[in-house]
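Here's a quick tour for anyone opening this one up for the first time. Have a look at the sequence and the model, then read on.

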Amino acid sequence: MAIISHCFRFGVDRIGWKDDPKRAFTISSAYSKILCEPRLEVDDYWCIIWRLKVPQRIRSFLWLAMRGNLLTNAECRQRHMTLAEECDICHNGAEDVNHILRESLGAAVTWIKLVRPDRVTKFFSMPFRDWFAANLCDQCEFVSNQKD
Ligand SMILES: [Zn+2]
């Protein structure tokens, strides 16, 4: 939020707070700025993850995975840390969170053993965030030993 003033009449450039007429930063001006901004959407997925009775590091992993922020090859390429986003193991497409957790050969073989046969098609074709949320729920429809 700080901007550099370009006023040659008053001397050298200096950094100022653009939301204050005197260009002075104050907590109250920052608070007013936050209140005036559109409210951030509360992420329902975070609530689901937060309620899980698992260690905090698992919650953090799930949160990063759900947001697509795990340091996969695709994410590294997005951050200009590498040129290749391809999966180093199966070389079958980009290595993103969806690939690692659902579509890679190792993941898919594991999922097929766990998912009810009548739900396999839906399991692998759902949009990633919906799939992720569906698997976080207590009443997961994909688990083999659940009743209909
Ligand atoms: Zn792969």
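How many helices and strands are there in the protein chain? There are 8 helices and 2 strands, and keep in mind as you browse that this is a predicted model.

**The chain as a whole**

- Going along the sequence, the elements of the protein chain come in the order β-β-α-α-α-α-α-α-α-α.
- The protein chain has 148 residues, and 9% of them count as buried.
- Take the contacts in the protein chain with a separation of 6 or more: 23% of them are between residues 24 or more positions apart.

**How H2 and H3 pack**

- In general, you describe two packed helices by the angle between their axes and the distance between those axes.
- For helix H2 (residues 44-51) and helix H3 (residues 56-67), the axes come within 9 Å and cross at roughly 160°.
- Angles over 145 degrees count as roughly antiparallel, and H2 and H3 are therefore roughly antiparallel to each other.
- The crossing of H2 and H3 is right-handed.
- On the H2 side, the residues that meet H3 are Tyr45, Trp46, Ile49 and Trp50, while H3 brings Arg59, Leu62, Trp63 and Met66.
- Sorted by class, this H2 and H3 contact has 7 nonpolar residues, 1 charged residue and no polar ones.

**A closer look at alanine 65**

- You'll find alanine 65 in helix H3.
- Which residues does alanine 65 touch, leaving out those up to four places away in sequence? They are Leu70, Val97 and Leu101.
- Alanine 65 and leucine 101 are 36 residues apart in sequence, yet their C-alpha atoms are 8.7 Å apart in space.

**Two residues with a positive phi**

- Arginine 23 isn't a glycine, but it has a positive phi of about 65°.
- To spot arginine 23, check the loop between strand S2 (15-17) and helix H1 (27-36).
- Arginine 23 counts as partly exposed because it has 14 C-beta neighbours inside 10 Å.
- Histidine 80 isn't a glycine either, and its phi is positive at about 60°.
- Histidine 80 sits in the loop between helix H4 (73-78) and helix H5 (97-103).
- With 7 other C-beta atoms within 10 Å, histidine 80 is exposed, since the cut-off for exposed is 12 or fewer.

Key: Residues numbered from 1 in each chain as written. Predicted model: local features only at pLDDT ≥ 70, side-chain atom pairs only at ≥ 80, totals over all residues. Axes fitted to C-alpha atoms, helices over the stretch in contact; angles between N-to-C directions. Helix = DSSP H or I, 4+ residues; strand = E, 2+ residues; numbered from the N terminus. Parallel < 35°, antiparallel > 145°, perpendicular 65-115°, else oblique. Left-handed = near helix turned anticlockwise from the far one by under 90°. Contact = placed C-beta atoms within 7 Å. Nonpolar A, V, L, I, M, F, W, Y, C, P; charged D, E, K, R; others polar. Buried ≥ 20, exposed ≤ 12 C-beta atoms within 10 Å, placed from the backbone.
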